[in-house]
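Trainee: Could you take me through a model and show how its features are to be read?
Mentor: Let us take them in turn.

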Amino acid sequence: MNHLPGAFFCLENNEGFLSGIQQAINNIAHKEGIYAGDNLFTYGRNLSFLEDTKLMESHAKHSQTQIEDSILWRIYVVVWGALNGMRLGEGDFVECACYKGMTARIVCDYLDFSQHPDRHYYLYDLFDHDPSLPHHAMPEHSKQLYAWVKDRFSDVPNATVTQGKVPEILEVVSPKKIAFMHLDLNNAEPEVAALDMLFDRMVPGAVLILDDYGWIGYRGQKLAEDPWFAQRGYRVLELPTGQGLIIK
Ligand SMILES: C[S@@+](CC[C@H](N)C(=O)[O-])C[C@H]1O[C@@H](n2cnc3c(N)ncnc32)[C@H](O)[C@@H]1O
């Protein structure tokens with residue numbers, strides 16, 4: 001089963017790179033299990049997520065860009081962590097930060113989250129670019145994005161979208177117990193500050209996904225997080241997707 005080539009990052013020559021990938025594919029004996037996108041190229045893999053109809057339908061419904069198409073494997077990892085959170089029986093879900101809410105929206109569809117009023121999804125972002133902060137601008141940052149994302153979750157009453165700066169906003173609104181957490185802040189300082197505030201609230205067995213952990217462009221996060229976790233007796237597992245995984 002093949003997945004179409006999607007976006008790759010940090011290329012000098014996009015066309016040259018993609019024709020090289022195509023040439024590599026041409027030389028594979030059994031053209032099965034190929035995934036090319038998000039700086040990953042694999043073949044001969046089961047790619048279980050492609051067989052997960054509910055995930056694929058939700059991804060197709062909510063993905064709006066080639067980059068969002070290409071991060072399917074990452075989304076699958078997040079969905080797995082969230083599914084594990086439901087199994088734990090208590091605790092809420094957190095995403096710092098949600099940007100357009102695409103990943104969290106897919107999680108909500110996948111878990112029929114609105115049918116679980118005992119659980120709450122806490123989503124945070126600045127939504128607009130603040131040049132005084134170290135985070136970089138995203139293409140759809142704007143004054144309108146917060147309202148747009150709130151509307152995107154209007155049929156999930158147990159999801160709260162909050163505009164604010166991490167970690168300060170976590171003092172205002174955040175859960176006491178966490179069954180799943182996704183950190184994707186693209187810079188070390190707020191991410192470590194979020195860990196300082198929230199990691200102790202994660203219940204035993206809860207999954208934490210660090211979206212940027214394995215990416216060289218965000219190496220500062222790994223360098224800050226490795227000693228943070230080592231002090232607490234944990235070691236982050238770097239996944240081939242570029243994410244980091246911790247099980248509390
Ligand atoms: C890569 S995007 C998140 C993508 C999202 N997790 C997803 O899967 O669709 C990173 C986001 O972090 C947000 N961000 C960076 N620093 C922040 C901070 N200190 N507080 C709140 N949001 C922050 C940015 O506004 C940006 O939208």
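**Reading the chain**

Mentor: With 248 residues, a compact globule would have a radius of gyration near 18 Å, and the chain agrees because its own value is 18 Å; the radius is taken over C-alpha atoms, and the globule rule is 2.2 Å times the number of residues to the power 0.38. This is a predicted model, in which local features need pLDDT of at least 70 and side-chain atom pairs count only at pLDDT 80 or more, while totals for chains, interfaces and linings use all residues. Residues are numbered from 1 along each chain as its sequence is written.

Trainee: Is Arg 87 buried or exposed?
Mentor: Arg 87, which has its place in helix α4 (residues 72-87), counts as exposed because it has 8 C-beta neighbours inside 10 Å. Helices are DSSP runs of H or I with at least four residues, numbered from the N terminus.

Trainee: Which domains does the assignment give?
Mentor: Domain bounds come from an automatic or database domain assignment, which here gives domain 1 (1-46) and domain 2 (65-247). Their contact takes seven residues from domain 1 and 10 residues from domain 2, where contact requires C-beta atoms, placed from the backbone, within 7 Å.

Note on methods:
Contact = placed C-beta atoms within 7 Å. Helix = DSSP H or I, 4+ residues; strand = E, 2+ residues; numbered from the N terminus. Buried ≥ 20, exposed ≤ 12 C-beta atoms within 10 Å, placed from the backbone.
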